[in-house]
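Thanks for coming. Please look at the sequence and the model on the screen, and I will go through a few local points and then the contact between the chains.

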Amino acid sequence: MSLLSIKDLSVEYHTDAGVFRAVDQLSFSLEPGRSLGLVGESGCGKTTAMLALMRLLPDAGRIVDGEVLFDGVDLLQLSPAEMRTYRWGKISMVFQGAMNALNPVRTVGSQIGEALKLHKTVPRNEVSDEIDRLLEIVGVTAESKKQYPHQYSGGMRQRAMIAMALACRSQVIIADEPTTALDVMVQAQILDLLQQLQAELNLAVILVTHDLGVVAEVCDDVLVMYGGRMAEYADSDAVFNQPVHPYTRRLLAAFPNINDPRSELASIPGHPPPLNDLPPGCRFEPRCGVGGEKCARENPEIIEVAPGHYCRCLIARAEER
Amino acid sequence: MDETKESFWRSFREKKVGVLGLAMLVFIILVAVLAPLIAPYDPNESVDATAADVLAPPSPEHILGQDEVGRDVLSLVIYGTRISLVVGFAASFIVILIGCVIGLIAGYFGGWVDTLLMRITDGILVIPALPLMLVIIAVAGRGIINIILVIGFLSWTYMARTVRSQVLSVKERQFVLRARAIGVSHFGIIVYHILPQVLPLIFASATLDVSYAILAEASLSFLGLGDPTMVSWGSTLNRAFMRGAVTNGAWWYLVPPGLALAWVTLSFAMLSNAVQEIINPRLRTHHLFDERKMVSLMHRITAPKIVDDAINEI
């Protein structure tokens with residue numbers, strides 16, 4: 001059994017403007033020591049899916065279907081109190097933009113200590129030493145724990161967030177765009193740190209990003225999302241070398257090729273579908289360009305094009321046959 | 001926080017009005033604390049008054065004259081400082097307490113809790129406060145504790161609304177979500193993560209509440225519902241009116257308590273204004289705009305319409 005397995009997770013936002021199906025029948029699984037890259041355009045449901053599995057959706061968000069199994073326990077069936085021990089105790093999160101995720105009026109150390117005290121990870125009198133240890137693991141000097149977030153650099157803040165995510169010995173870490181708003185050098189350092197920690201602590205990591213370069217560098221598996229749905233799901237090798245879904249192909253084509261700097265960058269014309277007014281057939285059909293008329297009518301099912309390589313596309317099925 | 005505090009003081013020192021208000025406030029607090037040392041006479045001591053002492057005008061022995069039973073008016077005003085400040089601070093403490101709790105709960109939890117609490121707040125907000133205070137004091141009795149409670153329990157509405165609106169914005173910040181993810185309870189999030197962000201606003205609005213409470217106490221006392229056992233500015237004014245200070249032209253009996261009230265209210269208002277200007281970004285004009293330019297812009301926008309209306313009227 002996998003450490004974490006998500007089955008048919010669907011999330012809707014019920015607002016005055018209507019019902020938005022932000023995540024539709026998303027499934028994936030995660031083993032210890034492996035990392036999954038969750039890729040897609042802005043607004044395709046990546047963050048919503050992650051918040052849903054942590055059960056941290058805003059009031060308007062509702063999980064309408066699915067299971068989130070952690071070691072066989074369905075997190076969606078737990079009482080709020082039980083869920084609180086799983087959150088951060090088993091699954092923790094590195095948030096998008098560390099500046100906003102740290103309380104500006106409290107020291108960084110006290111905010112890391114908050115997690116330690118709440119989950120009673122270490123005895124109360126050892127909390128201070130544990131904060132020092134955690135900060136040193138992520139490469140921040142222990143003296144900086146008495147400083148406030150605004151005294152930290154962007155990279156240090158993100159390191160502190162990682163230290164916080166490690167605090168309660170979680171087995172799964174969700175990193176929601178951990179490197180956005182960081183410069184390239186710091187980005188590389190943070191990714192190295194994540195990779196190194198993953199190997200040392202045998203962590204399972206979900207990396208949410210729209211940066212394919214980051215995914216290629218760090219992740220074992222890749223899940224490409226489009227319009228709230230899985231488009232393609234396989235190990236990195238397969239996705240980058242034998243992409244099946246037209247969306248993945250065009251996404252990769254839109255990525256600059258370092259070996260051929262003069263080749264033209266291909267963008268994908270059009271916009272992702274509005275989530276309250278989805279097309280009846282395949283969600284990518286309006287922008288696809290290679291699909292037939294069947295694609296506009298028929299909703300594609302998930303198919304396994306190769307062992308462990310899943311895809312939601314009618315053309316892919318035709319090719320396979 | 002140290003840096004925030006430091007920058008606060010730096011901005012505060014630039015606001016001359018605020019510094020003056022603070023100085024005036026410190027002065028009046030010193031007067032209240034040191035009243036027995038400063039006051040030339042003890043107003044609670046019985047006086048062997050002769051006919052010459054009744055409403056006597058200012059003299060070297062009595063700088064601000066004497067009242068209808070021969071007491072020293074200056075001493076009355078100095079001792080009155082104590083009651084005014086005690087009522088002011090105690091009542092605004094109640095205001096802060098109730099206003100904060102209601103504002104924090106309503107803003108944080110939202111939904112029906114918010115609706116219920118805000119309708120109650122609105123209900124109290126629309127009742128004219130002074131008549132209600134008069135009725136309650138008349139029924140409950142004229143003690144200083146009653147006065148403090150009544151003022152406190154009837155004036156927390158603005159505080160609650162201000163705190164709520166700030167909470168609505170703070171609770172959407174990501175560190176609140178992070179705290180929830182870590183497993184911090186609702187209580188912990190409110191106390192450790194939201195309250196510190198709202199505190200400056202509470203401080204700014206509390207300074208105005210203090211002067212409101214002092215004025216409310218003076219109004220009650222002036223209308224004859226103050227604590228009869230204590231000397232306050234309101235009760236001094238009340239007696240001055242009742243015992244013919246006006247008809248006898250005894251201005252020295254009327255003016256000093258009135259001026260003292262104005263002094264305290266003004267100092268709090270100036271202080272509060274300066275603090276709010278620093279804290280509330282909306283009162284601060286955008287750095288690209290010159291204040292004078294803003295004014296001239298406003299004229300350009302509004303003037304023609306007013307002129308048009310006036311012409312149409314005619």
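A:Asp71 sits in the loop that joins β4 (61-70) and β5 (73-74) of chain A. Strands here are DSSP runs of E with at least two residues, helices are runs of H or I with at least four, and both are numbered from the N terminus. This is a predicted model, in which local features need pLDDT of at least 70 and side-chain atom pairs count only at pLDDT 80 or more, while totals for chains, interfaces and linings use all residues. Residues are numbered from 1 along each chain as its sequence is written, and chains are lettered from A and ligands numbered from 1 in the order in which they are written.

Back to A:Asp71: its phi is near 55°, a positive value in a residue other than glycine. Is A:Asp71 buried or exposed? It counts as exposed, because it has 12 C-beta neighbours inside 10 Å. The cut-offs, with C-beta atoms placed from the backbone, are 20 or more other C-beta atoms within 10 Å for buried, 12 or fewer for exposed, and partly exposed in between.

Next is A:Asn202, in the loop between α7 (184-201) and β8 (204-209) of chain A. Phi of A:Asn202 is also positive, near 55°, and this residue is not glycine either. With 12 C-beta neighbours inside 10 Å, A:Asn202 counts as exposed.
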